[in-house]
Amino acid sequence: MRALAAPRGNAEILELAPVLARSVTILGSTGSIGVSTLDVIAHARAVYGPEAFPLEALTAQSNVEKLIAQAKMMRPKLAVIGDEKLYPLLKDGLAGTGIELAAGRKAVIEAAMRPSDTVMVAIMGAAALEPALAAVARSATVALANKECIVAAGTVFHRVLSASSATVLPVDSEHNAVFQIFDAADNAVIEKVTLTASGGPFRTWGIERIRAATPAQAVAHPNWSMGAKISVDSATLMNKGLELIEAHFLFALPPEKLGVVVHPQSIVHAMVSFEDGTTLAHLSAPDMRTPICHALAWPRRISSPSKKLDLAAVGQLTFEAPDHTRFPCLQLALDCLSRGCMSPTILNAANEVAVDAFLNGRIGFMDIARVVETTLDECPGANTEAETVEGVLYIDLRAREIAETACHRRTA
Ligand code: NAD
Ligand code: MG
């Protein structure tokens, strides 16, 4: 967290005052997106003044040391640790600071309900669903980095959103790019939205080498520095599949208007093609602080600490079709996108379990797709629609149990 620019003039700061005064809650502040969000805020405070983006709450699941360090430096009103066993450490670490403290899953949801202007949803996995819905239900501006919650519960998410006056701003780089290119209200004139995929670390590997890939190789992403789960999803291309489902829900686009192209340089994040033959693309250096900054300041723009684009240094932008044989997870997600109902809920839950098993050395890399496929075949409810969040969580749990058994069968 460092200042990269000299403080700005008074006139600019005055003009941006309503944006800079927005209070922010970060759910998942110790993860990759959480840390980048704090970096953007620290930069804004250095450039525009120390009052920029006052923090309402920070939450983390288990990295209590990092949460303590963040809270000491960034001074939120509240710090929450998800794992209740770690509460005594949080209490010791922040004693005398005057920062309110809480612990447990309910406290994370309550943090989302506190009256901040913006809630950054940077929790990993479907665990973000209830806190995200709590923020939507109270009509906050929700900067949505987490994709699993909308994949798992797109219909329910929309229902809660329609009953509120919340604004959802996509932070996932491709969706943030699409959001910047076109207004979802105009989606009738869209011919196609194309998301780019880097292709991940195994883009050029043969199938036998991919089969033997280790967790360390899978998380070593060539362009992006991210949490372990999304890094594995990028290596299997499941990430792009989840993102197609995310785009379907965020922009109300049918599956046939959504596509993927592999673009190894990760400079173009998405393209929108219109009926008249025009295609607009969004370009930036691969740095999540750019879409995070966009979401915090929207509809204005503010200075960001992110890497700036230097096309001459990049040299070439190349594009290729995804290979479904070496990366079967993408096809599984495409099938769920077409099938709809609760199949994306099952896909997501099974994938979370399988990725965790892979990261813990319990199954091989290519087993991830097999576990997801088996779970989709065996889990009941794929063709039903959940009316409530409880209904989603029930199928999510069922799918996790089946996926666990499938992982066990692969190792037994
Ligand atoms: P990460 O693993 O680095 O961090 C996850 C954060 O969530 C941590 O702060 C952790 O404490 C918290 N958390 C984990 N489990 C939790 C639980 N059960 N309850 C409450 N909090 C919990 O993950 P990340 O890479 O920052 O990704 C976060 C989300 O953003 C994911 O949904 C990911 O798909 C999405 N995303 C990430 C990137 C990226 O560049 N990292 C890009 C686009 C989208
Ligand atoms: Mg993305």
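This is a predicted model: local features need pLDDT of at least 70, side-chain atom pairs count only at pLDDT 80 or more; totals for chains, interfaces and linings use all residues.

- Leu237 has a phi near 70°, a positive value in a residue other than glycine.
- Leu237 is also buried, since its relative accessible area is 4%, and buried means under 20%.
- Phe53 is another residue with a positive phi, about 45°, although it is not a glycine.
- You can find Phe53 in the loop between helix H3 (32–48) and strand S2 (55–60).
- Is Phe53 buried or exposed? It counts as buried, because its relative accessibility is 0%.

**The whole protein**
- The protein contains 19 helices and eleven strands.
- Its C-alpha trace spans about 55 × 55 × 40 Å along the principal axes.
- A compact globule of 412 residues would have a radius of gyration near 22 Å, and the protein agrees with this because its own value is 21 Å.
- Of the 412 residues, 56% count as buried.
- Take the contacts between residues at least 6 apart in sequence: 68% of them join residues at least 24 apart.
- The protein exposes about 16700 Å², and carbon and sulfur atoms supply 54% of that area.
- There are 36 positive and 43 negative charges, and their mean positions are 5 Å apart.

**The nonpolar cores**
- The largest nonpolar core has 96 residues, and among those with the most contacts inside it are Phe157, Phe182, Val193 and Leu347.
- Which helix gives the most to this core? Helix H17 (residues 343–359) does, with nine residues.
- A second, separate core has 44 residues, including Val40, Ala52, Ile68 and Ile99.
- Leaving out residues up to four places away in sequence, Val193 touches several partners, among them Val178, Phe182, Leu253 and Met271.

**A mostly covered helix**
- In helix H9 (residues 173–181), seven of the nine residues are buried.
- These buried residues are Ser173, Glu174, His175, Asn176, Ala177, Val178 and Ile181.

- Leu129 belongs to helix H7 (residues 129–137), and it is buried, with a relative accessible area of 1%.
- Not counting residues up to four places away in sequence, Leu129 touches Cys149, Ala153, Val389, Val392 and Leu393.
- Leu129 and Lys147 are 18 residues apart along the chain, and their C-alpha atoms are separated by 9.6 Å.
- Ile123 lies in the loop between strand S5 (118–121) and H7.
- Why does Ile123 count as buried? Its relative accessible area is 17%, and the cut-off for buried is under 20%.
- Ile123 and Gly28 are 95 residues apart in sequence, yet their C-alpha atoms are 4.5 Å apart in space.
- Beyond its neighbours within four places in sequence, Ile123 is in contact with Leu27, Gly28, Val108, Ala128, Pro131 and Asn146.

**A cis peptide bond**
- The peptide bond from Trp298 to Pro299 is cis, with omega near 5°.
- Pro299 is placed in the loop between H14 and helix H15 (311–314).

Note on methods. Residues are numbered from 1 along each chain as its sequence is written. Chains are lettered from A and ligands numbered from 1 in the order in which they are written. Side-chain values use heavy atoms; hydrogens and water are left out. Helices (H or I, at least four residues) and strands (E, at least two) are DSSP runs, numbered from the N terminus. The radius of gyration is taken over C-alpha atoms; the globule rule is 2.2 Å times the number of residues to the power 0.38. Buried means under 20% relative accessible area, exposed over 50%, partly exposed in between (1.4 Å probe, protein chains only). Contact means heavy atoms within 4.5 Å. Accessible areas come from the Shrake-Rupley method with a 1.4 Å probe; for residues, only the protein chains shown count as cover. Lys and Arg count as positive and Asp and Glu as negative; His and the chain ends are not counted. The place of a charge is taken as NZ of Lys, CZ of Arg, CG of Asp or CD of Glu. A nonpolar core is a set of buried Ala, Val, Leu, Ile, Met, Phe, Trp, Tyr and Cys residues joined through side-chain atoms within 4.5 Å.
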